[in-house]
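Some notes for your reading of this model follow, as numbered points. Please check them against the coordinates.

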Amino acid sequence: MQQTIHWLGAGLSSTPGIRRLAQGDAPFIVWNLDRGQTIAALAAAGVTTEVREFEFPVLRDAVAAGDVVVSMLPATMHLDVARLCLDRDAHFVSSSYVSPDMLALQGEVLEKRLCFVNEVGLDPGIDHLFTHLLVERYRAAAHPDDRLCFRSYCGGFPRHANDFRYKFSWSPLGTLLALTAPVRWIEDGREQRSARPWKAVKPVSVTGCDEVFQAYPNRDSLPFVEQYGFDPGWRIEEFVRGTLRLDGWVQAWKQVLAQVDAADPSRAATELGALAESLGKQYSYDPGEPDRVVLSVELEARRGDVPTWHGWYLIDTCGDERGSAMARLVSQPVSLAADSVLAGDFAPGVQAATADPRLIETWLSALELLGERIVRG
């Protein structure tokens, strides 16, 4: 019996990935809370596939051993889905970061020889793929006197800039809560910290794009030194995974950032709820309004003041008839990961995006065939 891919959640970031899997050979089912509304929304986007009303008990009965369950639900629900997968001997895929709770399932996942694949969206996701390729390319030219600068920046914003310098392509509350988290990165060869990400904002230019942005570090960059396979002996001058914003963002958000700064981190979700709701109503995308996504990943080596090696990847794209740029670049890689799990391309275990150069190039080629433009340098 053929294994089935179950896609949970059909929100704003899901349709392009659903479209791709609906056109594939594997049996495919979309699960969402409002079945009728989901069928109509997918039909309006030219997608026809089986849709079922999402309820955990019904899903549990439908999932068979060897199936793949894709969770595009809120991140707070991933663990429940993952446990359902363990109960049913099914594989799991999500675009979210590997959480400590997800990692705690490693023993059971390995025992059952299942693949729980995470971080396969845009950021995290495509940024990981680019970085793994850059590290492998640099390794052949590595020199002990090199000092390395690694910069990975990603951002989504309106194609046509507004006064707010932003519109929400995902949860407004999630966006605000991300701004309450402390950040850590490497700059000038030393570990740097900031209690609030935007307090480390700076102007940034990226190779291949003639524009100045504002950028700030995202979460804790340091664990990714090991995840990306940097050799322990490499001398790191700069290492940052950051968020990209249009120039003028921090000034436009001055009042919002003041409210975020005043929030108690332990109660931020409650204290910022009303603000998030208000901003979501004011600054959501209009129907058909194009968004823009820029993803830049660079690795540079220098000896003294002399550049010795530089590799980079860039995606700079906008929403079009295929869907928003954010939805395409989040959900299409997720769909590729689901196919790869079925194909046996992943070893068992809880893991992030693949580091296998051959599989990475296969995914990037597939994205290009879907119309995404990837610039390599």
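1. Strand S4, helix H4 (residues 78–88) and strand S5 form a β-α-β unit, and its hand is right-handed. The model is a predicted one.

2. Within that unit, S4 (residues 68–71) pairs with S5 in the parallel sense, over 4 bridges. Val70 is the residue opposite Val93 of S5.

3. On its other pairing, S5 runs parallel to strand S6 (residues 115–117), and 2 bridges join these strands. Here Phe92 is opposite Phe116 of S6.

4. These strands belong to an open sheet of 7 strands, paired in parallel and ordered S3-S2-S1-S4-S5-S6-S15. Strand S3 (50–53) and strand S15 (349–351) each have a single partner strand, so one side of each lacks a neighbour in the sheet. From one strand to the next, the twist averages 20°.

5. Are the faces of S5 covered or open? Both are covered in S5 (residues 91–94): His91 and Val93 are buried on one side, and Phe92 and Ser94 are buried on the other. In general, side chains of a regular strand alternate between the two faces of the sheet.

6. His78 is part of helix H4. Is this residue, His78, buried or exposed? The relative accessibility of His78 is 6%, and the cut-off for buried is under 20%, so His78 counts as buried.

7. Which residues does His78 touch, leaving aside those up to four places away in sequence? The contacts are Ser71, Leu73, Phe92, Ser94, Ser96 and Met102.

Key:
Residues are numbered from 1 along each chain as its sequence is written. This is a predicted model: local features need pLDDT of at least 70, side-chain atom pairs count only at pLDDT 80 or more; totals for chains, interfaces and linings use all residues. Side-chain values use heavy atoms; hydrogens and water are left out. Buried means under 20% relative accessible area, exposed over 50%, partly exposed in between (1.4 Å probe, protein chains only). Two strands pair if DSSP finds at least two bridges between them. A crossover is right-handed if, with the strands pointing away from the viewer, the path from the first strand over the helix to the second runs clockwise. Axes are lines fitted to C-alpha atoms, for helices over the stretch in contact, and angles run from 0 to 180 degrees between N-to-C directions. Contact means heavy atoms within 4.5 Å.
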